[in-house]
Amino acid sequence: MRVSIVINNHNYGRFLAQAIDSALAQTHPGVEVIVCDDASTDDSWEVIASYGARVQAVRLPENLGQAAAMNGGFALARGALVLFLDADDRLDATAVATCVGLFGPD
């Protein structure tokens, strides 16, 4: 099952790499990581860009708030499940595998 992890960010560059790294480190195969930056003015965009093609990135042209950043990332999500992660949070490496294991075939 494909799972999308959407990370929303605004001026949390100091935490962002840890959030992205935790999303990329998931043990479940088929995870896509999407980072939506809400027009940050710190080094957030440079942090995001350093991941290259390992993440999908979108940058809002102006600060529109957390809900807009979540929606911006969600629009790119292709997973059957979507997990939202704030830029100052981290996931355990088995978080997605645990969640997927709770869903039945239907």
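Predicted model: local features only at pLDDT ≥ 70, side-chain atom pairs only at ≥ 80, totals over all residues.

Colleague: Fine. In what order do the four strands of the open sheet come?

Modeller: The order is β3-β2-β1-β4, with parallel pairing. Strands here are DSSP runs of E with at least two residues, helices are runs of H or I with at least four, and both are numbered from the N terminus. Two strands pair if DSSP finds at least two bridges between them.

Colleague: Which strands stand at the edges?

Modeller: β3 (56-59) and β4, each with a single partner strand, so one side of each has no neighbour in the sheet. From one strand to the next, the twist averages 20°; axes are lines fitted to C-alpha atoms, for helices over the stretch in contact, and angles run from 0 to 180 degrees between N-to-C directions.

Colleague: How many bridges does each pairing have?

Modeller: β1 and β2 pair over seven bridges, β1 and β4 are joined by six, and β2 and β3 pair over four. For landmarks, Ile-5 stands opposite Val-33 in β2, and Val-3 is opposite Leu-81 in β4. On the β3 side, Val-35 has Ala-57 as its bridge partner, and Asp-37 has Arg-59.

Colleague: Is β1 mostly covered or exposed?

Modeller: Mostly covered, with seven of its seven residues buried. Buried means under 20% relative accessible area, exposed over 50%, and partly exposed in between, using a 1.4 Å probe and protein chains only. Val-3, Ile-5, Ile-7 and Asn-9 are buried on one side of β1, and Ser-4, Val-6 and Asn-8 on the other.

Colleague: And β2, how many of its residues are buried?

Modeller: Six of the seven, so β2 is largely enclosed by the rest of the structure.

Colleague: What about Ser-4? Which backbone nitrogen lies 3.3 Å from a polar atom of its side chain?

Modeller: That of Arg-78. Ser-4 counts as buried, at 0% relative accessibility.

Colleague: And what does Val-6 touch, leaving aside neighbours within four places in sequence?

Modeller: Its contacts include Ile-34, Met-70, Phe-74 and Phe-84, where contact means heavy atoms within 4.5 Å. Val-6 is also at 0% relative accessibility, so it counts as buried.

Colleague: Switching to helices. Which strands does α1 lie across?

Modeller: β1, β2 and β4, running at about 175° to β1. Helix α3 (residues 66-74) packs on the sheet as well, touching β1, β2, β3 and β4, and its direction makes about 150° with that of β1.

Colleague: What handedness does the β1, α1 and β2 unit have?

Modeller: That β-α-β unit is right-handed, and so is the one made of β2, α2 and β3. A crossover is right-handed if, with the strands pointing away from the viewer, the path from the first strand over the helix to the second runs clockwise.

Colleague: Last topic, the largest nonpolar core. Which residues touch the most other members?

Modeller: Of its 21 residues, those are Ile-5, Ile-7, Leu-16, Ile-20, Val-35, Val-55 and Leu-85. A nonpolar core is a set of buried Ala, Val, Leu, Ile, Met, Phe, Trp, Tyr and Cys residues joined through side-chain atoms within 4.5 Å.

Colleague: Which element gives the largest share of this core?

Modeller: α1, with four residues. At least two residues each come from β1 (3-9), α1 (13-24), β2 (31-37), α2 (44-49), β4 (81-86) and α4 (95-101).

Definitions and conventions: Residues numbered from 1 in each chain as written. Heavy atoms only, no water. Polar contact = N/O pair within 3.5 Å; in protein donor to acceptor, adjacent residues only side chain to side chain.
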